[in-house]
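This report looks at the surroundings of a ligand and then at pairs of aromatic rings.

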Amino acid sequence: MSTTSVARNEELLARAEALMPGGVSSPVRAYRAVGGHPPFIVAGEGCRVRDADGRTFVDLVCSWGPLIAGHAHPAVVAAIERQARLGTSYGAPTPLEVELAAEVVAAVPSLEMVRFVSSGTEAAMSALRLARAATGRAAILKFAGCYHGHADALLSKAGSGLATLGLPGSAGVTPETAADTITVAYNDASAVRDVAERVPLAAIVVEPFAGNMGCVPPQPGFLEELRRIADATGALLVFDEVITGFRLARGGAQSIVGVRPDITTLGKVIGGGLPVGAYGASRALMSQVAPLGPMYQAGTLSGNPLAMAAGLATLRLLDDGAYARLEAAGAWLEAGLNDAIRSSGARARVQRAGSLLTLFFTDRVVRDEDDAMTSDRERFAAFHRAMLRRGVMLPPSQFECWFLSLAHDDPALEEIVTAARASLKEVTP
Ligand SMILES: *Cc1c(COP(=O)(O)O)cnc(C)c1O
């Protein structure tokens, strides 16, 4: 029995690689950037996951952001169970989506109406279509290193997944589609102004705090300047808050910086670990969306009752105390990691926003993708393997945020810092 169970992970990987590209359902999960084999996860509880070989890890992936309450939170599980007994999907309106829409509109300052979809990709793709419908313009501007899902128009210089694999964009995107997307450096408002004055833009799309080239906060004034440029040139400002929404604050990044986008996309946290996305705007803009207006967008499983139930249960855990705890956990971890970096002599720095954090193997302040690319990715890979051996599962790429949850308690945080102390020593010459 023990021999077969010891081989479970390897055996699963072999089967998975024969059946699915890279053995995965999303590319970065394949561990190509860090080497070694991805553990196949069989269970999660709180801030820990267990793999097919029975090893447990403190989890800093947290499903790449959705699990702000941790794995299998009792309230979320109960909500899903209750709804599952009543049916999993109807293709008809439900009270749950009304409740979740009310919570989202009440929390996020710029929203008057929302439409639920099934992923962040769909939300971003639909937001773009809405911006084009409302402005009658084609071109969009995005920032190198920002990821907005895998819709064709948004795949150029699209951050973590592509950067991890060293791809500038994706094969299969037509030159015509790519030509409508203009990319400039994050935090470079003057480059945005130059483009917006030359090209009629439908939208300026931005992660208000970038999370897909590692954690890169906006420079003071950057988002305010984007708002001014959009107003002056007739472009719509789109905040992709798929990561930041309900994570940095209930009202998302826009409630922190006090800048109101025209369109907001959400996902991850609002689905509580089930597939979800949403886009929203003012009543006037959302009146362009079918059946009220001419912009078509639909979905068989949109507003799925299980996802709505999990999302509602999650949002109800997110009171002021919860955000205070996430901030305290983030600050404590940042301080611990900085101390570990100092004592190891590693050339590394930590960047953090609330419960999002990245340890970059560079001594340069990371303000954009070029800065992020100065990181020593070989060293990150060695660090990742060293942490995994010590029972801490980091996202398998230098260009991702570590995601903290409400379930990351003091012992778990201490385990992370202890593992980082030893791992940094190990990988620093
Ligand atoms: C994850 C992410 C998306 C895509 O969401 P999916 O649910 O993976 O399609 C879009 N934008 C940002 C900022 C994200 O982090």
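## Ligand surroundings

Around the ligand lie Ser-119, Gly-120, Thr-121, Tyr-147, His-148, Gly-149, Glu-207, Asn-212, Asp-240, Val-242, Ile-243 and Lys-268, where a residue is near if one of its heavy atoms lies within 4 Å. The model is predicted: local features need pLDDT of at least 70, side-chain atom pairs count only at pLDDT 80 or more, and totals for chains, interfaces and linings use all residues. Residues are numbered from 1 along each chain as its sequence is written, and side-chain values use heavy atoms, without hydrogens and water.

## Polar contacts

A polar contact is a pair of N or O atoms within 3.5 Å. A ligand oxygen atom lies 2.8 Å from a backbone N or O atom of Gly-120. In the side chain of Lys-268, an N or O atom is 2.7 Å from an oxygen atom of the ligand. The protein covers 83% of the 380 Å² of accessible area that the ligand has on its own (Shrake-Rupley method, 1.4 Å probe).

## Aromatic pairs

There are six aromatic pairs in the structure; rings of Phe, Tyr and Trp (its six-membered ring) pair if their centres lie within 6.5 Å, and planes under 30 degrees apart count as stacked, over 60 as edge-to-face and the rest as tilted. Phe-143 and Tyr-186 form an edge-to-face pair, 5.9 Å centre to centre with 90 degrees between the planes.

Phe-143 is buried at 0% relative accessibility, and Tyr-186 is buried at 1% (buried means under 20% relative accessible area, exposed over 50%, partly exposed in between; 1.4 Å probe, protein chains only). Phe-143 also pairs with Phe-222: the centres are 5.5 Å apart and the planes at 75 degrees, so this pair is edge-to-face.

How values were computed:
A polar contact is a pair of N or O atoms within 3.5 Å; within protein, one must be able to donate a hydrogen and the other to accept it, and residues adjacent in sequence count only if both atoms are side-chain atoms.
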